[in-house]
Amino acid sequence: MNCSACEARLAAYLDGELSARDAQAIEAHMNSCASCRVLVNDLRAVEIKLQGLRGVEPRPGFDVAVMAAIAALPVPKPARLRLRWFVAYVAAAWAVLITLTVARVIDWQHAFAAVAIELGKVAAAGSTVLGVGLRLHLTTFVGAGIGIEMLVLLVGAFALRRFYPQMRGWFAGAPA
Amino acid sequence: MPDETLVALILQGDSGAFAPLVERHKRGIVNFLYGTVRSTEDANDLAQETFIRAYSHLGTFNPQLAKFSTWLYQIARNAARTHLGKERRRPQSEELFEDETLEQRLPDTRREASPDAMILADEEQRAVRAALLSVPERMRTALSLRYYRHMEYQEIADTMNVSLGNVKTLIHRGKAALARALGRERGARERSTTQEVGGRELLCL
């Protein structure tokens, strides 16, 4: 065994998690290697020191101070914003956009306006996803939210496919 | 009554149900923070801030995702991080652990029985704490949860939102970093003693 192999297993060795055979291999290496022996002794000494650390007691009046501070705060309410509201928001936003498109209220064929709206929408959706996730501490749901948004984007892209042949014109800024 | 039941009571409007939560967790939170910041005073201030922050954000706590205590220690860790960030931007004062120095100046009857042993123990405590402060935040948090709060590895993993293997690595590397820091400090102390002796010799001449 060389030093790096020994060091890699040292944590498990000191925690007593190695099999007898692996532990013997470590010990054999330490018998022949002074620097690893020093390292193990240092780690053992640190472990003893850490176990000997003295804790502290909370200061007198700790509870009273906390309870007095929270008495001045409004009583917390459960966060009402839930994932289904977020999904409903995304769906509604898309419904409005698609309706406006079909009714030709939004002139999508002006390239810069279309790009600006897309960017604005993505930014708004992104900040909503993050906001909801951070507010509710729902890191897993942030991923789900982004996934849903992307799915809706794909469906939207499919729904709008009949405009694709004209797209070259939009990006040139010319009416189709 | 379990923590989560008390949380539900508070959310129904009974803010008095927060008192048993404070009573139950204050010692653990103060000790965890004591392992990550400079002084007892800071640890107590940050612990109070942790409870107040927990109360005002209680509506966002989701019992399906985490235990209340895990959530509370996450808030405490964030408070400590913010505090240390502020401290780093302020000029460092030379007076390390002032409250402990003060404590040591107070007459201690136990010390008279065996003066050397007690002073050595106190000095050692201070050396280990000073070394702890020099270790990176993630390692220090893991070490503090383990040795000041006496948490199991799995509990530390939940609190820090990392894997069990990660916690073991953090603690192992943290100990190695501590050993190096303590070695450096010992070296510096020995050098300064030698210099002092040298200075005295010069005076004698």
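1. Helices (H or I, at least four residues) and strands (E, at least two) are DSSP runs here, numbered from the N terminus. On that basis, B:Val22 sits in helix α2 of chain B. This is a predicted model: local features need pLDDT of at least 70, side-chain atom pairs count only at pLDDT 80 or more, and totals for chains, interfaces and linings use all residues. Residues are numbered from 1 along each chain as its sequence is written, while chains are lettered from A and ligands numbered from 1 in the order in which they are written.

2. Chain A is made of helices: eight of them, with zero strands. Its pattern along the sequence is α-α-α-α-α-α-α-α. A residue is buried if 20 or more other C-beta atoms lie within 10 Å of its own, exposed if 12 or fewer, and partly exposed in between, with C-beta atoms placed from the backbone. Chain A has 176 residues, and 11% of them count as buried. Two residues are in contact if their C-beta atoms, placed from the backbone, lie within 7 Å. Take the chain A contacts between residues at least 6 apart in sequence: 57% join residues at least 24 apart.

3. How do α1 and α3 of chain A pack? Helix α1 (residues 3-14) and helix α3 (residues 34-51) of chain A meet at an angle of about 25 degrees, with axes 11 Å apart. Axes are lines fitted to C-alpha atoms, for helices over the stretch in contact, and angles run from 0 to 180 degrees between N-to-C directions. α1(A) and α3(A) are therefore roughly parallel (angles under 35 degrees). Their crossing is right-handed (the near helix is turned clockwise from the far one by less than a right angle). A:Cys3, A:Cys6, A:Leu10 and A:Leu14 in α1(A) meet A:Ser35, A:Cys36, A:Val40 and A:Leu43 in α3(A).

4. Now the core. A nonpolar core is a set of buried Ala, Val, Leu, Ile, Met, Phe, Trp, Tyr and Cys residues joined through C-beta atoms within 7 Å. The largest one has 50 residues, and B:Leu33, B:Leu46, B:Ala47, B:Ala76 and B:Ala142 have the most contacts inside it. Helix α2 (residues 18-34) of chain B gives the largest share of this core, eight residues. Domain 1 (1-92) and domain 2 (135-205) of chain B each supply at least three residues to this core; the domain bounds come from an automatic or database assignment.

5. Look at B:Ala47 and B:Val22. Beyond four places in sequence, B:Ala47 contacts A:Pro58, B:Lys26, B:Ile29, B:Val30, B:Leu33 and B:Ala76. B:Val22 is buried, with 23 C-beta neighbours inside 10 Å. Not counting residues up to four places away, B:Val22 touches A:Asp63, A:Val66 and B:Phe51. B:Val22 and B:Ala47 are 25 residues apart in sequence and 9.9 Å apart in space, C-alpha to C-alpha.

6. Helix α8 (residues 137-147) of chain B is largely enclosed by the rest of the structure, because nine of its eleven residues are buried. Among them are B:Met139, B:Ala142 and B:Tyr147.

7. Three loop residues are worth a look. A:Gly55 lies between α3 and α4 (62-71) of chain A. A:Gly55 is partly exposed, with 15 other C-beta atoms within 10 Å, and touches B:Asn31 and B:Tyr148, leaving out residues up to four places away in sequence. B:His150, in the loop between α8 and α9 (153-160) of chain B, has a positive phi of about 55 degrees although it is not a glycine. B:Asn161, in the loop between α9 and α10 (164-204) of chain B, has a positive phi near 60 degrees.

How values were computed
Parallel < 35°, antiparallel > 145°, perpendicular 65-115°, else oblique.
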